[in-house]
Amino acid sequence: MTPPAESVAAMIRPTPLPPDSQTNRDIMDVFMERPGLGWLLLVGICLGALGAGASVWIYQIYKGLGIAGYSHPIFWGAYIVTFVFWVGIAHAGTLISAILYLFRAKWRNAINRSAEAMTIFAVFTAQLFLGIHIGRIWKAYFILPYPNQRALWVNFKSPLLWDTFAISTYTLISLIFLYVGLIPDLAIARDRTTGWRKALYGALSLGWQGTTRQWKAHTRTTLHLSGLATPLVLSVHSVVSWDFAMSIVPTWHSTIFAPYFVAGAIFSGFAMVLTVMIPVRRIFGLEHIITDYHFENMTRFLLLTANIVAYAYAIEFFVAWYSGVEPEKTSFYMRAFGPYWLSSWIMMTCNGIIPQLFWFKRLRTHIPTIFVISTLINVGMWFERYVIIIEGLSNEYDPAVWGRYTPNLYELTIVAGSFSFFSILFLIFLKLFPVIPISEVKELIIHDRAHAPGHGSHAEAH
Amino acid sequence: MPTLVGIFDTPSGVAEAVRRLKGRGFGKLEVYAPAPFGEIEEAVDPRPSKVRIFTLVGGLTGLATGYALTIWMSLNWPIVIGGKPFASIPPYTVIAFELTILFGGIFTLLGLLAVGRLPTLKLDPSYSARFSAEEFGLAVEVSDRDVAEVEGLLRAHAAKEVTLVAE
């Protein structure tokens, strides 16, 4: 039986396309709009600072590490401090994507993409510091187990080598995680762009069409990657902490270091996500997607991890006293009242005391307060690493070899350059890729619509 | 064979139509969705996805590689470090753990590509940009004489439009 001719004709006739999904438009506007003056200005400032940092690094490669402020016995300075700082920042992304995914915390949808992107950029920034810190950058590849003429292999018993494996694994897995999440969104962009953008999104989206087979594989992949990334994220900062804890330096040689560092990393990562996303939400008018509810949930995380960190600070002092080990006791006394007292009290105030304000709901939902506190936490977490590393090294066992360290202008320029490096990468990401996972947001919208009472069969054009 | 594409607003509508079409023996169908929905997956193919095999194989490969790499390299140029045995398992577990995750993750990505049949250079003729908006598409391959019946079925299950893609 052939269908009536007019029926077939009606089916072949092109029907006018309904208006595009509101979610698509809202989020694509963020990266499709021409960069505004503010964006260009920010990139310009960051490029300036990055240029300064890069010049200093080049000068340091030429002159040697002597230009940094190292002095006996402190040879881990601002570079390692900032390295640990950025590795810590990198923990929020995977925590939000993987762990909250496993807990089915749907509110993560609004922030997970930006957090994942920050993870990648923070890891890149951290890895720069490994190159900067080792001085002879041209020998950086010595850390990899590669076949060489001397038939030498690396020392797998060294925590520094574990760190190499942990951080490079983390970089790759975070990249895969970010990319897998991006594929459906890139297909959305492919369908709606022209010119070089279409070519870019078309190539990167790999021909994604959202067939059932693809979605099914995609949700499974996300689940399995989450399952893999959850222990990974906990392991990475644990391994970083073992760089310290496996040594015998007083204040470092302690079993609390792994959980203490992991909690601190999540704490600082969430703070950084808030510091970055509060202005982004305001500038791009995304208040209806990233709501105050999302920010409030994140402040709860800050409160939780702040308390874990504060507990660690306190218990360290207690254990130093209770152990009766003289160098430990001395070192911790020096932490609070020694030459680095200011850094220590900045750390304790910003990380332990100020976040307690989040007990109050009014402050958890007051966006300017959240912004100020999260920024202070970033400062405090940089100082935490500064205190742990510098104070630990300066008061070791024998008072005859105690020393002092202050980062000099060269080091601080490079540290400032690293913030610019991170910011530039993020600013470019904002203008090139969807900063909010479009299909995940749509999943919730379609789900809500399908279950809304009194729903008809017609699409709402919003 | 011509392909009929029904356009739907809700995942449950698509799932219903898929079940009905399959019941009538129209098995050559493809659903395009803007987001993942369990009910559609259930209706189209309830079997578990094969991605998990990739993850498992990758993870085990990484684990084996991690121990093999560290132990072999330590024995290949034996140096006593910290008075520990050449092949000391506890420190090497860190490396093996990281490589388990690394290989597991990379294999999972390969699994997504293999199972999802990616990358492809050409999009299906029945695919439309509407399916990356908020609508669902159900493409059914039918013989000429079944066009009317399938169209009726699609419309009966709340397809708001049905288009014919000739191929």
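Colleague: Leaving aside its neighbours within four places in sequence, with which residues is Val273(A) in contact?

Modeller: The model is a predicted one. Val273(A) is among the residues with the most contacts inside the largest nonpolar core. Beyond four places in sequence, its contacts are Ala92(A), Ile111(A), Ser114(A), Ala115(A), Met118(A) and Met298(A).

Colleague: Which element gives the most to the side of chain A that touches chain B?

Modeller: In all, 62 residues of chain A are in contact with 71 residues of chain B. Helices H1, H7, H9 and H17 of chain A each give two or more residues to this side. By class, the side has 32 nonpolar, 21 polar and nine charged residues. With 17 residues, the element that gives the most is H9(A).

Colleague: How many residues of H4(B) are buried?

Modeller: Helix H4 of chain B covers residues 89–115 and reaches 36 Å from its first C-alpha to its last, close to the 39 Å expected. A residue counts as buried if 20 or more other C-beta atoms lie within 10 Å of its own. H4(B) is mostly covered, and of its 27 residues the number buried is 20.

Colleague: What distance separates the centres of domain 1 and domain 2 of chain B?

Modeller: Domain 1 of chain B comprises 3–46 + 122–165, while domain 2 comprises 51–115. Taken over C-alpha atoms, their centres are separated by 45 Å.

Definitions and conventions. Residues numbered from 1 in each chain as written. Chains lettered and ligands numbered in written order. Predicted model: local features only at pLDDT ≥ 70, side-chain atom pairs only at ≥ 80, totals over all residues. Helix = DSSP H or I, 4+ residues; strand = E, 2+ residues; numbered from the N terminus. Expected span 1.5 Å × (residues − 1). Buried ≥ 20, exposed ≤ 12 C-beta atoms within 10 Å, placed from the backbone. Contact = placed C-beta atoms within 7 Å. Nonpolar A, V, L, I, M, F, W, Y, C, P; charged D, E, K, R; others polar. Domains from an automatic or database assignment. Core = buried A, V, L, I, M, F, W, Y, C linked by C-beta atoms within 7 Å.
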